[in-house]
Every structure is written in structure tokens, then in C-alpha cells.
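Work through the exercises below with the structure open beside you. Try each task before reading its solution.

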Amino acid sequence: MPSMTSIAEGLPFPLGASWDGAGVNFALFSANATKVELCLFDEAGHRELERIELPEYTNEVWHIYVPGLAPGAVYGYRVHGPYEPEAGHRFNPNKLLLDPYAKAHVGALKWDHAVFGYTIGADGDDLTFDERDSAPFVPKCVVVDQTFSWTHPTRVRVPWDRTIIYELHVRGYTKRHPGIAKRLRGTFEGLAQKEVVDYIKRLGVTAVELMPIHSFVNDSYLLDKGLTNYWGYNTIGFFAADPRFFARGADAIRELKGMIDRYHDAGLEVILDVVYNHTAEGNERGPTLSFRGIDNASYYRLLPDRQRYYINDTGTGNTLNLSHPRVLQMVTDSLRYWVGEMNVDGFRFDLATILAREPYGFDEAGSFLHSCRQDPVLSSVKLVAEPWDCGPGGYQVGGFPPGWAEWNDRFRDTVRAFWKGDEGVAAELASRITGSGDKFNRRGRRPWASVNFVAAHDGFTLNDLVSYNEKHNEANGEDNNDGHTDNKSWNCGAEGPTDDAQIRALRERQKRNLLATLLFAQGTPMIVAGDEFGRTQGGNNNAYCQDNEISWVDWEGTDDDGRALTDFVVKLTTLRHTLPVLRRNRFLTGQFDERQQLSEVRWLSPAGADLTEDQWNDPSMRCFGVLLDGRAQTSGIRRPASDATLLIVMNAHHDIVEFKLPDIAGSDQWSCLIDTNVPVRDELPDFESGDVYQVTGRSLLLFALHAKGQTQRIFASLGKKLTEDADTK
């Protein structure tokens, strides 16, 4: 242990615990504390060895330098100050607190009455003061050594228009993987295994989006029911990865860095799903684990006239106060740490509307969004918003500023409704598959700003979307009352698994329809892990608490249909990467270009003619074609493009529709690249303009116009690639 005579004042920056090779500098922000104590523990975090009062207080930062401490040192804080909940202060030095800037945690929260700042009991409420020591029951912080030898020290930087996102859960993705050693399953090291990386690379996706990996807490009410917080949207440390995701305790950060390095080596980006809108401390009745005990009035949004209570725009009990400069600094410091030190390529922000909400409401020029935009590090990575929350003005799809992409639930709902067979959906579908320009075409934003998806971690899987009319969340212990009820799903004739061959065939075709619509639409597609082979959750559309076979990806349970669907997804991603017209960097408006004498997009009726206004307004219209003209210019430079010209035909009718292939100047022959009714073909069939194609009920087709030169060579190589993929297992 350090000698008191050797301890120095240290510096108020950087915040957190910083090892310099000779000792550790500790710096902790608290505007309202009266004293801060550093508590040092044994390696396991079980026994408190020493308490040292931080001697200096500079610019609202308490700091100290402790020589002789090294990486692996375990610590926490006790913070003194007023316990006045009605004034917003909840200091209690009996509670050991996590450093908000800690880079690693050890141990897990044990739900004991001692972790609460007030006295739990029949007569107690949050105005009481609890004197029990929480140290035996809470996780601790660990000083880390950040040194690492990167194979790929720079990020991958896949252009937005070429990006395909693959959302997965670190634990669930490999927990049942037969090719991964049991000790590595469910960990970062398991995710970094060659077999896993090669599989993801083969799919044709370009980025893995990891569901929350920040250190999080299991809710007590879930543990009481024998469940757990599987998804992890309950963060308690914004700089530390959760210990549950590591295969070994020692050198844990190197394990995570090694995984990221492996994905970069494969040309894949790593995006983190992050939760900066709230913490795991809950409302006034929640535990005191970190922020609440360090400076409750600074870290959280409190009701202005009743500061005992928290503003709850998240539905989880509290809301982080990003209007406070030090809280905003913590969040942006965290983001810069994950980019600069951990080499991640971007972030998906949970309930991002909250991050842009000032006391007066949502502001696209608010402090957080403005900070990201002007920051040279953060403005260079991918930033994706979940643009809604449960607070006032919480739905903001299309409302974020330039530089941001956004989850587009309008795409999800419209595509689902169309293939389900709902009436009056076609006109909106036209907007959704052309990049949702009605939402995003402003201030120079691009089609990639719309992150399109038909399924995500929250809701039905793709398989369950076509297999269940109703949610089946009985395992969650809430009498099936949790989860969304309006899923726009259709079971195709039977609820759940069935042996009916016709229903099974229809379901497989519907999966192909939904995936093809997603990957052929303008914007940024996102696929959920396992949807490429039909993963099921048994109809559970809210599996946040199911850390078991309900949520884990079942690799061995994949049948022939699943393997065929995976091959089909590879075809779709190959087409998207090969054909730039499917990922244009300009919004398709349909305006006629007098100079080029063409429109970049046309909407065709089954007769092969342009759709009329009456046809658009016909609620029963369920079949139309989208003609994407590859000659249309793709940038502001006024020159024609030489991309392929494609025709997408979408038929949500239950029966065959005869579709006449249109005449296009310069060519009279079409190749059928995709027919979701015939997913595997020995060769790509050709058709003449004017031919009538029998479009199977509930199916999607992709035709390519034959042309001279480069386009013809592309199709020749593409046809060979598709045939090879169909023959390869």
C-alpha cells in the first residue's frame, strides 16, 4: 500500500484513473460534494485495504496521485455531502461508488438492502438515511493497462452507401455455437474465432452492431422471477465492458481489442449499441451505485419544483442530464475513448431523442448533437440514432441533423404491412424503398440516413413475423402483457410451427420477400443475426429477459430451409454490392431529366405502363414495378452514369399477376436475376421486352436490362457468382 507521505496532489485531468508507469492519478467530478475518499481493495475486491482522502479540489474535480499503484489495482469512492433528497442531493459515504470513468469493473451487484442510500423497511422511504456499508455487495473499479499492439491501428471506414449492418448479441451469438470451445462461448473471444468471422464475412454484411456491451446491472425484479437482463440496456459504466463478456479476467481489455482487431482484419466494421439516456440506478427508490452518490443533482434531470423526483423520459426511472456540461463531457469522453482507444467504427444510440432534448424540448441543434457534429473524432464515425423515446415530442424520425443516420420504423411497418397484404400501403412503400425522402431529404442528407430494417432485437424475429399472429411472451412472467401487440405479422395460415407443406413454403417465400425488399431498397439495410436462416424465439417478441435458448442463436437447429435462406441472403448482398443502382447516394425523386430524357425511377403497372394517380390511390393495388434507370446521373457532376438498369416487381396479391416487361430505349432483353418463388436456378433466364411474366402470388422479382460494354460484363460475372453460390454449401 502507498505511504501517505508519498501521495501527491495529482491533476484534475484526465478524469478517471490514469496509470503513467509509476503510479495512478485519480480525478473525480462532483460539484456538490464536501469530501471524497479513495478506497483500495484486494485483487478480488472483497476486502477494503485503505481509504485515502483526496486532498485537492480544482474546478469541481477532486484529485490525487498515488505512486506505486499499478494496473490491476481495485478501487471505489466514498463521497461525502448533504443527504437532502428534496433539494436533489443524495450523498451517503456508507455507499461505495463506481468511478464513472472506470475502464474495467470486477464483481457483480448483489441485491442487498445495503446498496440503497435510504433505509429499506416498512416505515422507511427515500428520505431516510441508511448507514450500512454497501462495499461487500457492489462491483468495484479496476485500474487498467491500455497498451496493445494493433494489427490494424486504423478503422475500416466502409462508405455509408456500401454499408450493410448485422445486429448481434455478444453472448447469444456464440453461446450455442458447436464450433466454438465451451469456455469461449458467449464472449468477445468466442466472437473473434475464425469460424465466426468467416461466416459473417461470407454473408456480405460490412458491419457488426453489438448490442450493449457496457457494464450493466441485472434488475432485482427479474432476478426474483428467475430471469435476467439479457439485452443489457441498463448501463452502470460507460467506459467499461461488462465482465460477463470476457473469457478470462486477466487482460480483459486486450481480449476485446483483439476481437475488434480481428474484425478489422476481415474488413468488417464494429458498431456499438450504447445507452447514454439513463443509468441502472433507477428512480428515487433505486440503489446508490455511482452517479447518484457522486452528484445526483448534476448527473440526473430532476423535476424543477420537486427535486426529490426524477424526470423519466426513458421509462426506466431516470434520465441523464446532458444539459450539464460535465455530464455532456462524460458522454463525449466515453465516445472518444471507444473510438480512439478501442478503435470502434461507430455507435447506435438507444432512445437518442433524449440525448437531443434540452429542458425546453427536442432540439436538433442541442448541445449533444452539436458536440458530436463539431468533434473531429466523433464526426468521422458512423452515428445512428434510435429517434424516439417516451418523453414529450419523443418521436423524431427524420428530425436529426446532417451527419446522422436513423432507425426508420416507418420502413419496417410499411414493408411488413405490404407483404402481409394490407390495403392502401403501396404508395407509402414507394417512399420507403426509395430512401424515405419525405423524412430525410433535407439539408443535404443522403439516402443512407435511413437505416432500414424489417426486424430488430426488439420484436419478432423474421421467422416469427411470418409464423405468428400473436405474441407469445408467457416465459417473461408478465401474463403475456408485455411487448408490442401491433406487430403487423401474419402466420400464413397456422399459429407457430406446422407440418403443412404449403404453409411452410409460403413462409419461406415471405421471408425471401422481406429480405429482398430490405436489401434492394435505397438506404442502409440492417439484418438481425439469425434472420438469415430463420431463427425463432417461439413467438416471444420481447426477449429482453431471456438469457437462454429462447434468445441464443441455434446453429445446430438450422434445417435445409434455413441453409437455403442463408444462401439466398448471400445472393442479395452480392447483388447490392455489385449493382450501384441499388444503393444510390442521391434521393430518387422521379423527376424527368430533360437533358438525359429519362427519369431515374419509374413506377409501372402490370401492363408495363406508368402508374396513374387513380392506380396509386386504389387501396387494392398490391402489385407494381419499380424501374431504376442506371443511366441517371449519380452526383452533382452533370454526366450520365453507366450503371445497370433494373426492374423490381413486387406482388403482394395472393394469386398470379401477369406483368408485361417494359420497352427501354437501347435494349430489348431482360435477365431475371431473382424470383423469390424460384430461389435457386441453374441459369439466369432471359426475356424480351413486351413478354408477359407470370408473377407468383406473394413474390418479388428482380430483372436487369441487357446493355453493351461494362454493364454486360458485370452481368456475366454476376451470373457466374450467383450460380456458384447456389451450388456451394
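**Contacts, salt bridges and charge**

**Exercise 1.** Find which polar contacts the side chain of H169 makes with the backbone of R171 and of Y230, keeping in mind that the model is predicted.

*Solution.* The backbone nitrogen of R171 lies 3.1 Å from a polar atom of the H169 side chain, and the backbone oxygen of Y230 lies 2.7 Å from a polar atom of that side chain. Next, locate H169 in the loop between strand 12 (165–168) and helix 1 (170–174). Finally, its relative accessibility is 7%, so H169 counts as buried.

**Exercise 2.** Decide whether D126 is buried or exposed, and describe what its salt bridge with R90 ties together.

*Solution.* Begin with the distance: the closest N and O atoms of D126 and R90 are 2.8 Å apart, and the two residues form a salt bridge. D126 sits in the loop between strand 10 (105–106) and strand 11 (140–142), while R90 belongs to strand 9 (residues 89–90), so the pair ties together parts that are 36 residues apart in sequence. Now compare each accessibility with the cut-off of under 20% for a buried residue: D126 has 0% and is therefore buried, and R90, at 3%, is buried as well.

Definitions and conventions. Residues numbered from 1 in each chain as written. Predicted model: local features only at pLDDT ≥ 70, side-chain atom pairs only at ≥ 80, totals over all residues. Heavy atoms only, no water. Helix = DSSP H or I, 4+ residues; strand = E, 2+ residues; numbered from the N terminus. Buried < 20%, exposed > 50% of the residue type's maximum accessible area, 1.4 Å probe, protein only. Polar contact = N/O pair within 3.5 Å; in protein donor to acceptor, adjacent residues only side chain to side chain. Salt bridge = Lys/Arg side-chain N within 4 Å of Asp/Glu carboxyl O.
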